[in-house]
Amino acid sequence: MRTSLRVNGRTREVEVEPRMTLLDALRDKCGLKGTHAGCEHGVCGACTVLVDGEAVRSCLMFAVQCDDMEITTVEGMAPEEGELGMIQDSFCETHGLQCGYCTPGMVIAARALLEKNDEPTDHDIREAISGNICRCTGYGQIVEAIRLAAKRLRESNVARSPEAAR
Amino acid sequence: MSEAGRRFISANRRVREDRRFVAGHGRFVADLEMPEMAHVALVAAQAPAARIVSIDGSEALAMPGVIAVIDGAELAGAVNPMMNGLDTPNVKRFPLAVGQNRYAGEWIAAVVAESRALAEDAAEKVRVETEPLGYVVDVEEALEPGATPVHPEHGSNLLLDRTFDWGPVEEDFAAAEDRLSLRVTWGRNSTVPIETFGVIAKWHAWEGVLDVWASIQMPKYADQIARALKIPGNAVRVHYDVDVGGSYGVKRGIKQTVLCGYLARKLGRPVRLIEDRLENMRAGDAHGPERIFDIEVAFDRDGTVRSMKMRALDNAGAYAGRAPFQLGKPIGAIVGPYRIGSVQYRAMSVTTNKTVQEAVRGFGQSPTNYAIETMMDRVAEHLGMDRIEIRRRNFIRKEEFPYEIPSGSKYDSGDYHTVVDKVLASADYEALVAERDRLRAEGLCAGIGIASCLEPSGGRSSFEPLLNEKNKTSTWMEGSRVNIDGLGDVTVAIHTTSSGQGHETLAATVVGEVLEIDPDRIRVVRPDSLGSLPGNSPVGSRMAIMLGGAAANAAKDVKRQMLAIAGQMLGVSAEQLRYESGTIHGPAGQSVSWDEVVDVAHRRFDDLPPGTQPGLTASFMQQVPGDARLPENGKGEMYPCYSFEFHLILMVFDPVLARPEIRRYVIGHDCGTVINPHIVKGMTLGGIAHGIGAALLEEFAYDAEGQLMTQSFLDYLMPSAHEVPEVEIVHHCTPSPLTEFGQKGSGESGYLGAPAAISGAIHDAVRPWGVHLDKLPIRMSTVSDAIAAAEEQGKGYR
């Protein structure tokens with residue numbers, strides 16, 4: 001069936017089976033390969049995207065459920081091609097990743113946190129990423145990245161995100 | 001500049017790979033699209049062992065979009081069995097079961113369809129008729145006379161039973177003042193990357209080449225695929241520019257690739273298999289060592305450990321593969337960091353009807369370290385000695401390096417006492433003990449855990465000839481190439497896939513260091529396997545040593561060529577020249593710029609020194625440092641470099657609920673010269689998290705009927721940001737005398753000691769009840785049950 005997906009500010013009309021997950025639709029119908037399949041049971045968080053500002057597991061939603069919702073994937077996090085957003089740059093600064101497979105989900109989870117709370121404690125940060133499994137880093141440098149991103153966001157005068165500015 | 005006068009090595013520089021990943025622009029195998037691609041789903045066996053009577057794919061084939069259904073009989077008629085590490089020719093393994101299956105979940109048929117969803121639908125329609133066979137899942141039962149053999153043709157379940165005697169063991173036991181014995185068990189866990197294994201195979205009939213894109217970490221992968229598919233080695237082209245979503249040892253991918261390679265040729269279309277989580281957990285390259293250690297240790301009453309007898313009994317699962325070699329690597333550090341004078345080691349590898357064991361981070365070293373460290377704790381407990389003191393007393397001393405251990409390896413360098421001192425000072429050990437006692441006074445269980453261990457690194461795979469006399473392997477080389485192009489820009493080629501280790505950053509850093517140019521100006525590329533120099537992939541904690549050495553030496557060769565050219569231009573000998581940041585200075589104040597040298601090398605053959613080749617390029621094949629002789633009489637050097645780690649932790653839990661909490665985690669780490677501090681830190685922290693999982697949470701558990709109980713992330717539990725504490729790292733640097741910059745390995749750090757330290761902390765916490773918990777993972781329920789049982793017998797505090 002036909003559904004309309006608004007992803008990273010652009011609306012796409014896609015033909016999907018009713019059983020197709022949002023994850024598969026993003027990857028296979030929209031060509032956005034940054035969102036990754038990990039467990040497909042809603043446990044690991046690799047497929048995390050923002051739907052109307054909330055971090056959700058795209059493997060647990062059907063594409064047809066997202067008609068007319070605002071979806072943000074990791075590809076929507078960079079202001080320009082080749083230019084990193086503040087959260088992304090913070091992950092690079094602290095090396096908050098290794099293989100990069102869980103990273104898009106982590107970056108999205110960080111954004112969901114920082115949009116609500118720009119002075120997170122370490123406990124808040126760990127809580128926010130506790131649904132995202134990383135097998136490489138042991139989370140230490142991810143916590144550092146989000147701590148750094150929060151500090152930079154507080155110190156900058158820009159709105160936290162396009163959504164927050166609206 | 002660092003102390004050693006280095007500009008880029010050891011500097012806190014960013015990891016270049018990170019940019020593409022944070023943007024979601026990695027290039028994982030599942031991201032690749034190809035026209036006409038067909039998709040595979042697997043049909044799995046239900047019983048742990050059953051004879052396959054018939055497989056009927058007709059109903060599946062009749063479904064729209066289904067292209068093919070194949071079974072093991074068809075595949076076995078077309079391909080060679082997969083390679084075994086040991087000389088066990090009757091333990092045959094094919095990508096799909098042939099005649100019978102040998103574990104629940106084993107793949108018995110493959111369905112190919114226009115989409116993965118259609119292939120999964122059709123897999124449910126494949127009719128499989130089977131007759132149940134006898135099975136065995138317990139390793140000790142599998143050894144009993146009359147046990148059902150997993151491979152009847154092999155005759156028994158024993159793959160390997162080898163006893164090494166690095167004497168004088170009996171004399172040392174007789175002379176020692178005391179002895180004790182213990183048994184500990186390492187549960188079946190693994191690395192479980194978040195990306196499952198994936199592969200795309202595409203056959204070019206007009207070129208006669210099989211193109212392969214895969215999420216692999218496998219030495220000699222292309223060779224094995226070619227052998228199995230009966231095609232020449234140069235007919236397999238593996239694309240190394242695929243990002244691998246975590247591996248830590250397991251992503252071997254041979255059976256998946258042989259299956260897809262066969263299908264791609266048969267169907268004339270690109271064929272893709274991306275395992276789903278269930279396929280991966282049950283039958284992908286998913287499971288790691290599962291090992292029972294029986295130890296006898298002989299010691300004096302002052303705590304000096306004289307000798308050790310260790311039997312390691314390993315449950316290899318249903319096939320042989322490379323798994324038994326995981327009993328061999330620990331021979332390279334079989335005495336840990338201690339001066340134990342003699343060792344008897346019996347290595348036993350046994351088949352059972354469980355999923356096949358594959359390589360896991362540390363290749364058997366972490367289970368062995370857990371056994372050695374538990375032994376040290378037990379000796380201390382027996383003697384009433386302090387656990388740190390007993391370690392100090394037995395540590396090899398700084399001035400004793402290079403130190404040859406009884407099994408023949410020479411430890412290159414180390415300063416274990418200093419690392420321990422630094423950790424105790426940094427952690428304020430006395431305050432830590434006071435905190436433990438304060439928590440105990442509150443009625444909580446609190447314990448301090450200690451572990452010291454080694455990370456053998458950069459090996460030449462000597463466990464292969466050691467355990468299989470037909471195998472003469474004495475090199476495990478790595479190549480790299482450095483080009484300076486006609487515009488003077490530098491490109492380094494590396495010849496492997498990476499799964500998060502930052503090899504592009506490593507290569508750029510060392511080449512930048514040698515050529516004294518900013519590594520950010522250096523491009524790093526990964527040619528495909530047919531355009532690559534020989535290499536052995538990032539296994540055995542080797543790339544800092546081996547790829548680092550290869551790239552640095554290639555850069556040195558290029559620099560030598562530049563000096564020769566400049567010498568010719570200035571009419572002086574190269575020895576009179578000084579190279580500085582790309583400019584070459586002569587003795588009389590004259591100089592030649594980088595661009596001028598490049599111009600001569602690329603365009604002005606007449607100006608080149610006689611006998612010099614045009615173009616600025618160099619390849620270097622790095623041999624493993626150290627002693628390359630084959631093992632003799634069960635003894636030989638296994639690894640050249642040995643990193644050291646010392647873990648000190650404080651754990652606390654409620655005696656009834658027993659939910660463990662790590663209050664403090666301090667690790668002292670000495671891996672010689674660090675090339676990139678971010679990378680080494682990440683490896684260590686990640687290794688500790690993995691070790692926490694192995695110690696407390698993760699297990700591929702089977703029921704008595706041979707069914708895997710933990711098949712998804714809902715029941716195979718991995719540490720989240722809640723379970724992994726903030727970790728403090730205390731650095732020390734004892735350079736290796738054997739490597740280019742003094743670097744050693746760090747890819748397995750943290751994981752090698754964390755399980756032992758956690759087990760030690762729990763034991764310290766339950767000491768009042770006199771309880772031993774000798775199997776990992778130590779579950780909350782086991783702890784609270786053991787405390788309750790002890791209290792019923794009147795032991796403990798209350």
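Begin by selecting both chains: 44 residues of chain B are in contact with 40 residues of chain A, where contact requires the C-beta atoms of two residues, placed from the backbone, to lie within 7 Å. On the chain B side, the elements giving two or more residues are α1 (18-22) and α18 (677-697). Helices (H or I, at least four residues) and strands (E, at least two) are DSSP runs numbered from the N terminus. By class, the side of chain B that touches chain A has 19 nonpolar, 15 polar and 10 charged residues; here Ala, Val, Leu, Ile, Met, Phe, Trp, Tyr, Cys and Pro count as nonpolar, Asp, Glu, Lys and Arg as charged, and the others, Gly among them, as polar.

The model is predicted: local features need pLDDT of at least 70 and side-chain atom pairs count only at pLDDT 80 or more, while totals for chains, interfaces and linings use all residues. Residues are numbered from 1 along each chain as its sequence is written, and chains are lettered from A and ligands numbered from 1 in the order in which they are written.

**Chain B as a whole**

Select chain B, which has 20 helices and 29 strands. Its C-alpha atoms fill a box of roughly 90 × 70 × 50 Å along the principal axes.

Now colour chain B by domain, with bounds from an automatic or database domain assignment: domain 1 (31-134 + 197-274), domain 2 (291-461 + 630-792) and domain 3 (477-622). The centres of domain 2 of chain B and domain 3 of chain B, taken over C-alpha atoms, are separated by 40 Å. Between these two domains, 18 residues of domain 2 of chain B are in contact with 16 residues of domain 3 of chain B. The domain 2 side of that contact divides into 5 nonpolar, 9 polar and 4 charged residues.

**Local stops in chain B**

Show helix α10 (residues 365-383) and helix α19 (residues 754-765) of chain B. The axes of α10(B) and α19(B) come within 8 Å and cross at roughly 30°; axes are lines fitted to C-alpha atoms, for helices over the stretch in contact, and angles run from 0 to 180 degrees between N-to-C directions. The residues that make the contact include B:Y370 and B:E373 of α10(B), and B:S759 and B:H763 of α19(B).

Move to B:P168, in the loop between β7 (158-166) and α6 (169-175) of chain B. A cis peptide bond joins B:G167 and B:P168, with omega about 0°. The bond from B:F401 to B:P402 is also cis, with omega near -5°, and B:P402 lies in the loop between α11 (387-394) and β16 (403-404) of chain B.

**Chain A**

Chain A averages a pLDDT of 94, and 94% of the residues score at least 70. Over residues 162-166 of chain A, pLDDT stays under 50. Where pLDDT is low, the predicted coordinates should not be read in detail.

Chain A is assigned domain 1 (2-76) and domain 2 (86-159), and 14 residues of domain 1 of chain A are in contact with 13 residues of domain 2 of chain A. From the domain 1 side, β3(A) supplies the largest share, 3 residues.

Note on methods: pLDDT is the predictor's confidence in each residue, from 0 to 100.
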